[in-house]
Amino acid sequence: MASDKKYWQSVEELKGSSIVETLSENEFVEEIPTDQFLGDKETLENSSTSRRDFLKYVGFTTAAASLAACEGPVRKSIPYVVKPDDVTLGVADWYATSMADGYDFANVLVKTREGRPIQIMPNKEANGTTSARVQAAVLSLYDEKLRLKEPTKGGEAISWADADKEVKAKLSELKEANKSVVLLTGSMASPSTDKIIEGFIAANPNAKHVVYDAVSESGAADAFMAMYGKRALPNYHLDKAKTIVSFGADFLGDFHGGLEKSYVAGRKSETGHMSYHVQVESNMSLTGANSDKRVVVKPSDQVFALLNLYNAVTGANVPSKATSVDSTVKKLASDLKKSGSKGVVLTGLNDKNAQLIALAINKALNSEIIDINNTLNIRQGNDAEVSQLISDMKSGKVAGLISYNVDPIYSLSNSSDFSEGLKKLELSVALSTENNETVNASNFVLPTPHFLESWGDAQFDSVTYGLMQPTIQPLFNTRQVQDALLNWSGDATKYYDYLKSFATTNILGGSSWNKALHNGFFTKEVVNSEANLAEVSISDAAAKLSSSAKKASGFELNLYTKTGLGDGKQANNPWLQEFPDPITRASWDNYLMMSMADARELGFSNPVKDNGAIDGDYAKVSVNGKEVVVPVMVQPGQAIGSVGLALGYGKTFGLNEEMQVGVNAYPLYTNGNNIQYGVTVEKVSGTHKFACTQVQKTIAGRHDILKVASLKQVTSNADPKHTWNKPAFVSYDHNEVEAKTIDLWDEHNREIGHHFNLSIDLTSCTGCGACVVACHAENNVPVVGKKEVRVGRDMHWLRIDRYYSSEIATREEAKAQGLSGGDLYKAIETEAENPEVTFQPMMCQHCNHAPCETVCPVAATSHGRQGQNQMAYNRCVGTRYCANNCPYRVRRFNWFNYSNNNEFDFNMNNEYGKMVLNPDVVVRSRGVMEKCSMCIQMTQATILKAKKEGRAVNTDEFETACSSACTTGAMVFGDINNKEDKVAALVEDKKAYGVLDYLQTKPNVIYQVKVKNTNEA
Amino acid sequence: MKSVELHNRLTKLLLKSFTFLLIFAFSMSSYSQDIDEARQKEGKKLFKSLCASCHKLDKKLIGPALSGIEERRENDWLKAWIKNNAELRASGDRDAIAVFEEYKGSNMTAFPQLSDKNVDDILYYTTVGEIKKKVAVADNATSGASSGEAPGWLIYILASAIIVAFLMIASLLKQVNELKGNTAPGESSNLKRDLHELWAGLKRNTFLKVLTTIFLMLIGAYVFFGTLFKVGVDEGYQPIQPIAFSHKIHAGDNKIDCQYCHSSAKHSKTSGIPSVNVCMNCHKNISEVADDTVVELEDGIVLGKEELDLEIAKVYKAAGWDADNLEYTGETSPIKWVRVHNLPDFVYFNHSQHVTVAGLECQKCHGPVEEMEELYQHSPLTMGWCIDCHKETKVDLKGNDYYKKIHEDLAKKYNVDQVTISQLGGKECGKCHY
């Protein structure tokens, strides 16, 4: 592994498209459209506005504007009548709470200002992690458009008392008649709520609780139940693993809620312990992108490979089929056996039998990595019970349905059956935070508060008992589901009192309630439950699995969830819609991912337009008689014969118009199975316009932006400066000298005071994008919408670049394959069917010798002594010279006013959405440049806190939004003048390098070379 | 300038002089009663310090109104009650028990430390009440206010006087000339002719022409830019507030610490407009101002006791306080103050940095607030004004461990004993603009 590797960002770039080349030369992808106006002579001549008129207008408007500016507005200050004791205006309060919305679960800290939550961060003490969706959940709180505001019955407002009376009367009527009532919820993982539901069922013996997860992991839970007698998901301690083999399990995405923290903890080259991770998959997933070796096979072959692995590991001979990757599988089996109890196999196939095989392999390996005691409770959905419920509703067996925060009409593949059944019910009650189709079809609609307004508890695994507390007064007339159920079971207790006594008696064991609430969690002892081992016939499971996979024909569809939208619960959240997918870099869309070979055969392509946007052709996808028309995205690394499509899009009911994007893939999600066989794909007419940033911010052929080394290289004694982390050399005075020895600028003494540096470890960065959303929230970064993203005007201060690189990376490797001459280069640069992927978070590098600063005509951007490149928005006149001169392409121009502008109808254009704005950071106006400030408002706040307390700043006290959101510890921020700070050592590390170091901009953002475990001896 | 009503200084002046005249004319009336002033003063002092938190003279508070109490109760009974009412009740005194029950069993503090003379003084005060000294008060108010006002209008008057004087001299000169017979009356005057010649000369002299043009252009530019630079600078901005709150009475006369009300100034970026419950800490007991309190607003409006009591009633309305039954009704209506000091959104200013860390007096930026009957913006709040201070001010960093090392290093670097704020980096754009 050396630097001969070719890095590329899109298929078009590999093909050598001239447009891509042109684009890479331009700072702004779109030309200013002067020609459109000036070039058209006719328009000019026919224009009724003469030059004189034009000058008059200019003069008049300038005069009017200046006159208007003379009068400042009168501002009112309205203080509290009674100020709450714990609120100091202008000072943030942090509350520990838990998020549990049915799909995303996290122990979090919530920052509130003047009683408004404005940011969510991981509760690191509780070992909490946040994803982009958890970070963005704070904006969904203020979703005025979708949130339910008052209880209604049949569309008419009704009081809570009347609603309760009527529901209770109906419930007792159904009880008398012994007609079944079903309580349909998502996974809540809440012990106190489970108890309340028990009480409700005791009071209404005709009631039943069914758990429905839109995106199900029913197979894994069922398999675990069969083998270990408990319906839960096993936990995986990937930090201790030596060999990880995953068959399509996107465990850095949503598999088991995401295992990125323990995964990354087990991949530290500096400690010498780095797991070897092989991903066998068809879609290019986040996990596959991070793996050491990615084996590309279509889903049916994944099944056979899994069976073959089982055979190879256990020596059994269950029915299977030969695949093209059998030699790799054999190698994997021997690796796994060598790792023994430190090996683990995971599979993302939502199929009980496949999951059983994986569990059996782990059992055969005697794996310590899989934890069957400390199980996960976050995916309790039961597909079988849900389909039973639908048939019971249709047949009239079920007469009442109380649903809570689920939308089966949107997310069921057989939603028409569900709606039909719903109409037959005698009682339909929807308790929901947000409006949706199911709510709309229900008779009683009872609004529930957002989790940031609620009391509650959540137990994600068996150890951490998380508590949920309100961080804001309820915005609307809502009531918690627990209060409703308590009321309907005839219990007059308020849920808060119930929760407190429940936790005190059952969980806390004498420990203080207030302390647990303050911490947001309480750690329990793990109870071992191995006694319950059931005998399962693996050969049966294997036979069933293999026979179903043998039926595979046509294209194979792998349905998946995207990092941005997940199961689609937060589809009305503009931050998530604008969040570019880590792999495809497309926002505001889902699409059919197709391999390059299949695309060529079927005639699909993604031509790049001259404004840097890419287009796509439409495909008609049919499965089981259901059809959807989706745009196609050609995806390197997609298995030939397979296609991928994301769930969670295409939601329309009640959503803002801009947010109604993508195609609903749930109709294809038959029986909750993420793999669908027998799919036909057919090209249909039409061109789709993608909003994809992958071509727009190209690196213009600049090499050395990325450095990748193997574990063997990094741990060897070879001098990195001459092997895997070579510094840049430049020609000076006809000699090759190290770039850092010469400089255009004078050196400043930076040893006094603070000097901030940010270190980004490319090995630990999984590309999850939590930092991107955290940056949005912290810095009031505007959302610009699909059209603007398409033309490259996205405002992300922090983006995560994704680079592909080809498998045959070096000349040596090519030569070893017997290539020479032109073929050799072609092989190196050939468009790879299975590229390696590297993520690189990119933001303002805060160069000590910043090219942008020297070209600003008004000195609006200048350098601070603490290392930050400062941007004074009020000084900027918008010449955009700085952006042109920035080699990193991180400066963003405000082409429009993005706040209070109906053209950009996102959160900054409505009174509720604006409540999420950070009051310490100004909302920029049109015509100014902006960029990452290295969260100067946060570093200044830390300094001020120390000053007020009369002490020096503590070690590692400085944080930025991105570094505190980063749960894998890839981003480390601090003061390098404090040698105790973690970052001080990282900057000096042998893996550290500056991007484009031959330019000698001396960035204050330092990257750590990405290390891959190539599993060499 | 802001588009709110501003006070007309001229009317105010006129009104002020008018009131002064009126008051002066009627100031002949003098004390009406024969009062032992020393005793009254002594009694008042004791009353204010011991009794006033629960009693008023003319109004029920926590305890009964005490005006004329001597007429209603025996002196001995009062002494016994004041010194130790619990004992009196325990002795089975019926009146005492009745009073106790009437006031819902609220316990009155015992004052065994008071001598008989003390109690008599207090009772004397309750009987004679306040001594009225109208003249002195009015006099003070008028002269006090006008002395602080001089420059603005004085300049206009002086200027007009000079112009008038100039015109008079000119006409006198003209007459003298005519009388001397230099010119016949009716012909164009000397002055006019001189001006003509000057003009003709000017027209001929290119150098003078150019010089005059440049001079005029410079003046024009000066005026033009001077005007532009004042756009958005609201020095002196003094909007009318929903409640005629006087900082002079609170911070000046009663010496309430600024940060008692603006309590977040030491913790936060904002100084915090006090919530109404902070007002109620005192105003629960102070439902009316002292009889002689007068607030003079800029436009000559003089608020006396009657008006000011109504202002306090506004606070009660906001807090939802029922002053008659002494209880909160829960019907609150927040006060919509007009913000006086406005910084643009793109500036980050933090009070606690200046108040807690730097230890600045509030008056440094806000001016003599304790003398302001109605608050105005004292400083221009422009960036130049901020920077000037940052450039000049040497920071007193003693005792703050944060600065220990950094100050040592910087002092060595700049070769000074004490560094200025700008040497510390207080002039960097990003420190205030983000």
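Q: In this predicted model, which strand of chain A is joined to β5(B), and by how many bridges?
A: Happy to start there! Strand β2 of chain A, residues 76–77, is joined to β5(B) by 2 bridges, and the two strands run antiparallel.

Q: How many residues does each chain bring to the contact?
A: Chain B gives 51 residues and chain A gives 43. On the side of chain B that touches chain A, the elements supplying at least two residues each are α14 (276–283), α15 (305–319), β5 (337–338), α16 (351–357) and α19 (403–414). By class, that side of chain B holds 20 nonpolar, 20 polar and 11 charged residues.

Q: How is chain B divided into domains?
A: Three domains are assigned in chain B: domain 1 covers 37–128, domain 2 covers 134–229 and domain 3 covers 247–381. Between the C-alpha centres of domain 1 and domain 3 of chain B there are 33 Å.

Q: And what are the domains of chain A?
A: Chain A has four: domain 1 (152–216 + 381–519), domain 2 (232–376), domain 3 (585–692) and domain 4 (708–1012). Notice that domain 1 of chain A is written as two segments, 152–216 and 381–519. The C-alpha centres of domains 1 and 2 of chain A are 36 Å apart. Their contact draws 5 residues from domain 1 and 6 residues from domain 2 of chain A. On the domain 1 side, the residues split into 2 nonpolar, 2 polar and 1 charged.

Q: Let's turn to hairpins. How many residues lie between β3(A) and β4(A)?
A: That hairpin has 4 residues between its strands, and Gly102(A) in the turn has a positive phi of about 105 degrees. The strands themselves, β3 (93–100) and β4 (105–113) of chain A, are antiparallel and share 8 bridges. Within this pairing, Ser98(A) stands opposite Asn107(A).

Q: What does β4(A) do with β5(A)?
A: β4(A) also pairs with β5 of chain A (residues 116–122), again in the antiparallel sense, over 6 bridges. Here Leu109(A) stands opposite Met121(A). This hairpin has 2 residues between the strands, and Glu114(A) in the turn has a positive phi of about 50 degrees.

Q: Where do side chains point along a strand?
A: As a general idea, side chains in a regular strand alternate between the two faces of the sheet. Keep that in mind as you look at the next example.

Q: What is the strand order in the open sheet of 4 strands?
A: The order is β42-β35-β44-β43 in chain A, and the pairing is mixed. At the edges are β42 (971–975) and β43 (992–993), each pairing on one side only. Strands β35 (756–761) and β44 (1005–1008) of chain A run parallel, joined by 4 bridges. In that pair, Ser759(A) has Ile1006(A) as its bridge partner.

Q: How are two packed helices described?
A: In general, one gives the angle between their axes and the distance between the axes. In this model, helix α12 (299–314) and helix α22 (538–550) of chain A pack at about 150 degrees, with axes 9 Å apart. That angle is why α12(A) counts as roughly antiparallel to α22(A). The crossing of α12(A) past α22(A) is left-handed.

Q: Which residues of α12(A) and α22(A) meet?
A: From α12(A) come Ser300(A), Val303(A), Phe304(A), Leu307(A) and Tyr310(A), which meet Ala542(A), Leu545(A), Ser546(A) and Ala549(A) of α22(A). The contact contains 7 nonpolar, 2 polar and no charged residues.

Definitions and conventions
Residues are numbered from 1 along each chain as its sequence is written. Chains are lettered from A and ligands numbered from 1 in the order in which they are written. This is a predicted model: local features need pLDDT of at least 70, side-chain atom pairs count only at pLDDT 80 or more; totals for chains, interfaces and linings use all residues. Two strands pair if DSSP finds at least two bridges between them. Two residues are in contact if their C-beta atoms, placed from the backbone, lie within 7 Å. Ala, Val, Leu, Ile, Met, Phe, Trp, Tyr, Cys and Pro count as nonpolar, Asp, Glu, Lys and Arg as charged, and the others, Gly among them, as polar. Domain bounds come from an automatic or database domain assignment. Axes are lines fitted to C-alpha atoms, for helices over the stretch in contact, and angles run from 0 to 180 degrees between N-to-C directions. Angles under 35 degrees count as roughly parallel, over 145 as roughly antiparallel, 65 to 115 as roughly perpendicular and the rest as oblique. A crossing is left-handed if the near helix is turned anticlockwise from the far one by less than a right angle, and right-handed if clockwise.
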